[in-house]
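I opened this notebook to record what I looked up in the structure shown below. The entries follow the order in which I consulted it.

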Amino acid sequence: EKVKEKMKYTTPITKTKLRSEHFSKEKVRKFVSENNISDLLSLAEEDSRVMNELQRMLYTPDAHERWMIIDLLGEVSKRVAEKRPDLISKLINNLLQNAAYPGASAWGALEAIGTIISTNTGLFGEFTRPLLSFVAQENLQREVTWAIGKIASTDPHLARLAFRGLSTFLENPDPVLRGYAAWALGNIGFNDVIDALKKLGSDENKLMIWRDGDLQEVTVGQLAQEAIRKIKR
């Protein structure tokens, strides 16, 4: 609804696809491989196929590369949304459908949604509710927990409805899920979870988490302690 409202004041009012003679899949991949963010963003403003190509690139088996693409989708979406938020709404819907359909690969889809929402919660915050529905899907709990944590890092209020679900993950046998939940709950910031986080303070199980543009190796205990400090600020 907020996207529709903004589109009323977009001049000229148009819903046509963005197309540029300068676009090519090879050029998008070249900009990504060279970390040429400036030219990538400029091309994305001219041609919406840049977002489609980045979405396809999520299917890489290289975890580090996939996380980089997730970050790039966030940056591209933030820029394109300034003039064409409808295109970003469509992208988020496509990513939700990719994750929802049995048999479809959800690689990076939920994490990308969380990243895109976090770049402009005012416009895309309404997509948080359908994202939260994935908390009930056991095979996607890691992904949606990270996505919720990402949203909470910029707008804790939006992620508050996930609090109870994420709190139960602190006792999950999967250390990655425990760690992600601790990180996300720290970003949400409710005091109620501090005692549960303290119990994880000595958890030495290791995991990888994408933060600050890099995959970082941490322990569950480190994330729990960081979360406690964040909540107590």
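Entry 1, terms and source. I take helices (H or I, at least four residues) and strands (E, at least two) as DSSP runs, numbered from the N terminus. On a 1 Å grid over the protein atoms alone, a pocket is an open set of points where a 1.4 Å probe fits, with protein on both sides within 12 Å along at least five of seven lines; its lining residues have an atom within 4 Å of a point. The model is predicted: local features need pLDDT of at least 70 and side-chain atom pairs count only at pLDDT 80 or more, whereas totals for chains, interfaces and linings use all residues. Residues are numbered from 1 along each chain as its sequence is written, and side-chain values use heavy atoms, with hydrogens and water left out.

I noted about 340 Å³ of space in the largest pocket, a volume being the space filled by probe spheres set on grid points joined across faces, edges and corners. Of its 14 lining residues, Arg66, Trp67, Glu111, Arg142 and Glu143 are the closest to the centre. Which helix gives the most to the lining? I found that H5 does, with three residues.

Buried means under 20% relative accessible area, exposed over 50%, and partly exposed in between (1.4 Å probe, protein chains only). The largest core has 80 residues, of which Leu54, Ile148 and Leu197 touch the most other members. Helix H12 (residues 175-188) gives the most to this core, with nine residues.

Leu54 is among the buried residues of H4 (residues 49-57), together with Val50, Met51, Glu53, Gln55 and Met57. I found that their cover includes H2, H3, H5 (63-81) and H6 (85-100).

I located Leu158 in the loop between H10 and H11 (163-169). Leu158 counts as buried, because its relative accessibility is 19%. Leaving aside neighbours within four places in sequence, Leu158 is in contact (heavy atoms within 4.5 Å) with Ile117, Thr121, Gly125, Thr128 and Ile151.

Most residues other than glycine have a negative phi. I noted a positive phi of about 55° at Asn35, in the loop between H2 (25-33) and H3 (37-46). Asp212 also has a positive phi of about 55°; Asp212 lies between strands E1 (206-211) and E2 (214-219).

Methods: A nonpolar core is a set of buried Ala, Val, Leu, Ile, Met, Phe, Trp, Tyr and Cys residues joined through side-chain atoms within 4.5 Å.
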